[in-house]
Amino acid sequence: MFLDRLETPIGQALLVTDGEGRLCALDWADYEARMVLLLCRQVGPVAIEPGAAPKAIRHALERYFAGDLGRLDTVPYHLGGTPFQREVWSALRTVPAGETLTYGALAARLGRPRAMRAVGHANGANPISVVVPCHRLIGADGSLTGYGGGIARKRWLLTHEGAALSA
C-alpha cells in the first residue's frame, strides 16, 4: 500500500491506496496512528510506503474541496471490515451531500432499528473518511457527535456541503 498526503482547507489528508489504484484509507495527519490501526484491523497487517495516489483520486478530492461535491462518487475505493461494517459504509454512500441522517435513522434503513449503537461503532471504524461520508451522521438531537477527525472538521465538511446545522 502507498501513502500520499494532500493539503486541504481542514488539514493534511492522508491517502492510502493499493496496487490497483483504489483508495483504502483517508484520514487526517494528526490521526495517522489510528488510521494505520483501523486499516490493520480490517485488512490485516499491511506495509505502507510513501507513494503518490493516482492522479484521478487526488483530482477528485481537490475538486470536492473546491466545491464540486459530486466528484467523490468517482473515487475508486476498497473496504475491508466485517459484513455489517461494509453494509453500514455502503449505506453511508447513499446519504447525499448536504444532508444528514441520525444513527438511528440509518439503522432503520438497514432494517435494524435497534442497532443504532452498532451503526455508530461501524461508522467510527470507517477507514475512508470523506469519500465514505461518516461525517453525515449526527445525533438524534441534531448534535454533531462522533467524528474521528474532530468535531471542527465535521462541522466544516457539513457546512461545505450545505447541510443545515443546528447551533
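Leaving aside neighbours within four places in sequence, Gln42 is in contact with Gly80, Gly81, Trp89, Ala125 and Pro127, where contact means heavy atoms within 4.5 Å. This is a predicted model, in which local features need pLDDT of at least 70 and side-chain atom pairs count only at pLDDT 80 or more, while totals for chains, interfaces and linings use all residues. Residues are numbered from 1 along each chain as its sequence is written, and side-chain values use heavy atoms, with hydrogens and water left out.

Gln42 is placed in helix H1; helices (H or I, at least four residues) and strands (E, at least two) are DSSP runs, numbered from the N terminus. With a relative accessibility of 14%, Gln42 counts as buried, since buried means under 20% relative accessible area, exposed over 50% and partly exposed in between (1.4 Å probe, protein chains only). A polar atom of the Gln42 side chain lies 2.6 Å from the backbone oxygen of Ala125.

Gln42 also belongs to the lining of the largest cavity, together with Met1, Cys24, Leu39, Val43, His78, Leu79, Gly80 and Pro127. On a 1 Å grid over the protein atoms alone, a cavity is a set of points where a 1.4 Å probe fits but cannot get out, and lining residues have an atom within 4 Å of a point. The volume of this cavity is about 30 Å³, and the structure holds one cavity of 30 Å³ or more. Helix H1 (residues 32-43) supplies the largest share of the lining, three residues. By type, the lining divides into six nonpolar, three polar and no charged residues.

Another buried position is Val130, with a relative accessible area of 1%. Val130 is located in the loop between helix H5 (116-124) and strand E6 (137-138). Most residues other than glycine have a negative phi. Val130, although not a glycine, has a positive phi of about 70°. Ala108, in helix H4 (residues 103-109), is by contrast partly exposed, because its relative accessibility is 43%.

The chain as a whole contains six helices and six strands, which run β-β-β-α-β-α-α-β-α-α-β-α from the N terminus on. Its radius of gyration, taken over C-alpha atoms, is 15 Å, close to the 15 Å that the globule rule gives for 167 residues, so the chain is as compact as a globular protein of that length; the rule is 2.2 Å times the number of residues to the power 0.38. Of the 167 residues, 45% count as buried.

How values were computed
1 Å grid on protein atoms, 1.4 Å probe; cavity = no way out; pocket = protein on both sides within 12 Å on 5 of 7 lines; lining within 4 Å. Points joined across faces, edges and corners; volume = space filled by probe spheres on them. Nonpolar A, V, L, I, M, F, W, Y, C, P; charged D, E, K, R; others polar. Polar contact = N/O pair within 3.5 Å; in protein donor to acceptor, adjacent residues only side chain to side chain.
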